[in-house]
Amino acid sequence: MPLRVLILGGTTEASALARQIDSDARIAPLLSLAGRTTSPRPQPVPVRVGGFGGVEGLARFLRESVDAVVDATHPYADQMSAHAVAACREAGVPLASLVRAEWQRHAGDNWQVVGDTAAAARALGTAPRRVFLSLGRQDLHVFARAPQHHYLARLIEPPDRAALPPDLRLLQARGPFERADEEHLLRAERIDVMVSKNSGGAATYGKIEAARALGLPVVVIARPHKPAGVVMTSVDACVTWLHGLAPRGV
Ligand code: NAP
């Protein structure tokens, strides 16, 4: 009987893990997506979409059909991770967390690290600036509190129009983004300052390199505390961990 593995995904790493175990007869994977994008990339393994209904809903789901969980959610998806830790404990299911390394500050980086999105909006100051927002669509409404700035926001999908800053232009695009293209964009849009999460990984690092090359300041929103199970730093380590587990009842 294969090991039934729930991958909490929505990230490059989750998709990479899914690809790696797709043809592994010892593992029966199910990839779970939050449903933040209406047309997610095609995945090689079975996919389910949408929340579980909190810790209780997830614990029920685990008891019924899961032998192990890999939390490969985005570094800022802290609620899902907290639920995973609590539900796995409750259901007695082993949990590994695939953790993506943070970007480190390099010489030439002009970062101002702040605690959350509201602090990032405040850090832009009172004088009007041209701001590049490279954030999720759930975060944009916070910048309505700083309406004096011009914003260029890059998103995979357009946000809900309600409560957005008045002077905002949307750029719909999905990564990865190359440094040269990012530099071109920042120049062409005469951006004064960028707001970014510290997502880590290669797919969106081009904007950080571009800001460094242009001497642009970046307001970096620090990562939230993200509860974890057994910490893994690579897809290979996750696969090895999964191979060491047995299906429940065997
Ligand atoms: P979250 O705040 O940690 O989760 C909120 C709720 O969404 C969870 O309680 C859960 O609902 C559901 N959920 C989240 N991930 C799920 C998954 N993989 N499968 C099923 N349900 C899931 O996470 P978030 O709202 O997705 O995002 C938080 C931050 O991370 C945002 O700033 C966002 O921009 C950033 N981010 C997220 C993703 C992503 O793929 N999720 C990607 C890039 C960036 P229930 O309680 O009902 O189970």
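Author: Ser97 touches Asp71, Ala228, Gly229, Val230, Val231 and Met232, where residues up to four places away in sequence are not counted; contact here means heavy atoms within 4.5 Å. The model is a predicted one, in which local features need pLDDT of at least 70 and side-chain atom pairs count only at pLDDT 80 or more, whereas totals for chains, interfaces and linings use all residues. Residues are numbered from 1 along each chain as its sequence is written, and side-chain values use heavy atoms, with hydrogens and water left out.

Ser97 has its place in strand β5. Helices (H or I, at least four residues) and strands (E, at least two) are DSSP runs, numbered from the N terminus. Ser97 has a relative accessible area of 3% and is therefore buried; buried means under 20% relative accessible area, exposed over 50%, and partly exposed in between, with a 1.4 Å probe and protein chains only.

Asp71, one of the residues that Ser97 touches, also stands opposite Ser97 in β5. Strand β4, residues 68–71, pairs with β5 in the parallel sense over three bridges; two strands pair if DSSP finds at least two bridges between them. Both strands belong to an open sheet of six, with parallel pairing and the order β3-β2-β1-β4-β5-β12. Its edge strands, β3 (47–49) and β12 (230–232), each pair on one side only. From one strand to the next, the twist averages 25 degrees. Axes are lines fitted to C-alpha atoms, for helices over the stretch in contact, and angles run from 0 to 180 degrees between N-to-C directions.

Two helices that meet β5 come next. Helix α3, residues 78–91, lies across β1 (3–8), β4 and β5, and runs at about 160 degrees to β5. Helix α7, residues 235–243, packs on the sheet and touches β1, β2 (27–33), β4, β5 and β12, its direction making about 170 degrees with that of β4.

Helix α1 has a place in this arrangement as well. In α1, residues 12–21, the buried residues are Ala14, Ser15, Leu17, Ala18 and Ile21. Viewed down the axis of α1, they fall within an arc of 160 degrees, so they line one face of the helix; the arc is that of the directions from the helix axis to the C-beta atoms. An α-helix has 3.6 residues a turn, so residues three or four places apart point the same way. The buried residues of α1 pack against β1, β2, β4 and α7, while Thr12 and Arg19, on the other side of α1, are exposed.

A search of the whole structure finds three aromatic pairs. In one of these, Trp103 and Tyr205 have ring centres 5.5 Å apart and planes at 45 degrees, so the pair is tilted. Rings of Phe, Tyr and Trp (its six-membered ring) pair if their centres lie within 6.5 Å; planes under 30 degrees apart count as stacked, over 60 as edge-to-face and the rest as tilted. The pair links distant parts of the chain, 102 residues apart: Trp103 is in the loop between β5 (95–98) and β6 (110–114), and Tyr205 in the loop between β10 (193–197) and α6 (206–214). Trp103 counts as buried at 8% relative accessibility, and Tyr205 counts as buried at 16%.
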